Amino acid sequence: MIKLDALGNKIIFGRSYGYSTDQNGITEINIGIVESITPKGYITILVKRSISQYTTNGERHESLLEKRTSVKPIKLFPL
């Protein structure tokens with residue numbers, strides 16, 4: 001099954017993608033490698049880096065990590 005990213009392009013497994021989340025006024029950008037499609041049609045991504053643009057003290061926060069998560073394909077943007 002072909003899945004499309006936020007720009008309408010075919011998602012390529014093994015390629016770097018990003019997606020954003022918002023919580024309590026803080027936007028977080030997560031960057032990782034697309035691994036697979038779940039049975040429900042979500043995309044599993046191995047997140048390698050997370051960047052918060054707005055923190056309580058106004059500084060940018062960046063962290064390296066390695067976690068798997070699943071997101072809707074429409075939220076992914078290619079890097």
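What is the mean pLDDT of the protein chain, and what share of its residues reach 70 or more? In this predicted model, the mean pLDDT of the chain is 91, and 94% of its residues reach the value of 70 or more. Among the elements of the chain, the lowest mean pLDDT, 91, belongs to strand 4, whereas strand 5 (residues 77-78) has the highest, at 96.

Strand 3 is joined to strand 2 (residues 26-37) by nine bridges, and the two run antiparallel. Within this pairing, isoleucine 29 stands opposite isoleucine 51 of strand 3. Strands 2 and 3 form a hairpin with five residues between them, where glycine 41 adopts a positive phi near 95°.

Strand 3 also pairs with strand 4 (residues 61-71), again through nine bridges and in an antiparallel arrangement. Here isoleucine 45 has threonine 69 of strand 4 as its bridge partner.

With a relative accessible area of 9%, serine 52 counts as buried because its value lies under 20%. Leaving aside residues up to four places away in sequence, serine 52 touches Ile26, Thr27 and Glu28, as well as Glu59, Arg60 and His61. Of these contacts, Ile26, Thr27 and Glu28 fall within the residue range of strand 2, while His61 falls within that of strand 4.

Terms used. Residues numbered from 1 in each chain as written. Predicted model: local features only at pLDDT ≥ 70, side-chain atom pairs only at ≥ 80, totals over all residues. Heavy atoms only, no water. Pairing = 2+ DSSP bridges. Helix = DSSP H or I, 4+ residues; strand = E, 2+ residues; numbered from the N terminus. pLDDT = per-residue confidence, 0-100. Buried < 20%, exposed > 50% of the residue type's maximum accessible area, 1.4 Å probe, protein only. Contact = heavy atoms within 4.5 Å.
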